[in-house]
Amino acid sequence: MAKVAVLLKVMPNSLEIKLDNLKNDIQKSLPSGYQIIDSKEEPVAFGLKALILLISMPENTEGGTEDLESLIRGVEGVEDVEVETVSRLSE
């Protein structure tokens with residue numbers, strides 16, 4: 001089965017949130033077949049940073065990225081999730 005790469009911008013709900021811990025919590029919440037490939041922090045404003053995640057997921061997922069976005073929004077410390085790009089990974 002082919003995979004897609006989803007680039008997400010995850011906004012924490014507080015300046016006090018440690019992004020490394022948030023990333024670990026997100027990784028633990030991902031279902032089988034989903035994996036964080038890469039991550040980085042991106043300054044937003046006034047000391048707030050977004051967590052940029054590159055996640056691989058199965059290509060033929062019903063609903064596309066909606067379930068992934070909802071799952072991540074449900075992680076404690078997450079304010080919002082925005083899909084930046086989606087692209088197919090070569091096998």
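In which sense do strand S2 (residues 35-45) and strand S3 pair, and over how many bridges? The pairing of S2 with S3 is antiparallel and extends over nine bridges. The legends below describe this pairing and other parts of the structure, which is a predicted model.

**View 1. The whole chain: two helices and four strands.** The protein contains two helices and four strands, and along the sequence these elements follow the pattern β-α-β-β-α-β. The C-alpha atoms occupy a box of roughly 40 × 20 × 20 Å along the principal axes. The radius of gyration is 13 Å, which agrees with the value near 12 Å that a compact globule of 91 residues would have. Of the 91 residues, 34% count as buried. Among contacts between residues at least 6 apart in sequence, 69% join residues at least 24 apart.

View 2. Four strands form an open sheet in the order S2-S3-S1-S4, and their pairing is antiparallel. S2 and S4 are the edge strands, each of them pairing on one side only. On average, neighbouring strands of the sheet are turned by 25° against each other, with direction ignored. Helix H1 packs on the sheet and touches S1, S2, S3 and S4, and the direction of H1 makes about 25° with that of S3. Helix H2 also packs on the sheet, where H2 touches S1, S3 and S4, and the direction of H2 makes about 150° with that of S4.

**View 3. Strand S3 and its two partners.** Strand S3 spans residues 48-58 and is mostly covered, with eight of its eleven residues buried. Strand S1 (residues 3-12) runs antiparallel to S3, and eight bridges join the two. Within this pairing, Val4 has Met57 in S3 as its bridge partner. S2 is also paired with S3 in the antiparallel sense; here Ser39 has Leu53 in S3 as its bridge partner.

**View 4. Phe46 in the hairpin of S2 and S3.** Two residues lie between the strands of this hairpin, and Phe46 is found in the loop between S2 and S3. Phe46 has a positive phi of about 50° although it is not a glycine. Is Phe46 buried or exposed? Phe46 has a relative accessible area of 85%, and it therefore counts as exposed, the cut-off being over 50%.

**View 5. The largest nonpolar core.** Nonpolar side chains tend to be buried together in soluble globular proteins. In this model the largest nonpolar core has 19 residues, and those with the most contacts inside it are Val10, Ile26, Ile55, Leu68 and Ile72. The elements that contribute two or more residues to this core are S1, helix H1 (19-29), S3, helix H2 (66-73) and strand S4 (78-88). Which residues does Ile72 touch, not counting residues up to four places away in sequence? The residues touched by Ile72 are Leu8, Val10, Ile26, Ile55, Val78 and Val81.

**View 6. Val6 and its surroundings.** Val6 lies in strand S1. The relative accessibility of Val6 is 0%, so this residue counts as buried, the cut-off being under 20%. Not counting residues up to four places away in sequence, Val6 touches Leu53, Leu54, Ile55, Met57, Thr65, Leu68, Val83, Thr85 and Val86. One of these residues is Leu68; Val6 and Leu68 are 62 residues apart in sequence, and their C-alpha atoms are 9.5 Å apart in space.

**View 7. Thr65 in the loop between S3 and H2.** The loop between S3 and H2 holds Thr65. The relative accessible area of Thr65 is 16%, so Thr65 counts as buried under the 20% cut-off. The side chain of Thr65 makes a polar contact with the side chain of Glu69, at 2.8 Å. Thr65 also touches Val6, Met57, Val83 and Val86, not counting residues up to four places away in sequence.

Key. Residues numbered from 1 in each chain as written. Predicted model: local features only at pLDDT ≥ 70, side-chain atom pairs only at ≥ 80, totals over all residues. Heavy atoms only, no water. Buried < 20%, exposed > 50% of the residue type's maximum accessible area, 1.4 Å probe, protein only. Pairing = 2+ DSSP bridges. Core = buried A, V, L, I, M, F, W, Y, C linked by side-chain atoms within 4.5 Å. Contact = heavy atoms within 4.5 Å. Polar contact = N/O pair within 3.5 Å; in protein donor to acceptor, adjacent residues only side chain to side chain. Axes fitted to C-alpha atoms, helices over the stretch in contact; angles between N-to-C directions. Rg over C-alpha atoms; globule rule 2.2 N^0.38 Å.
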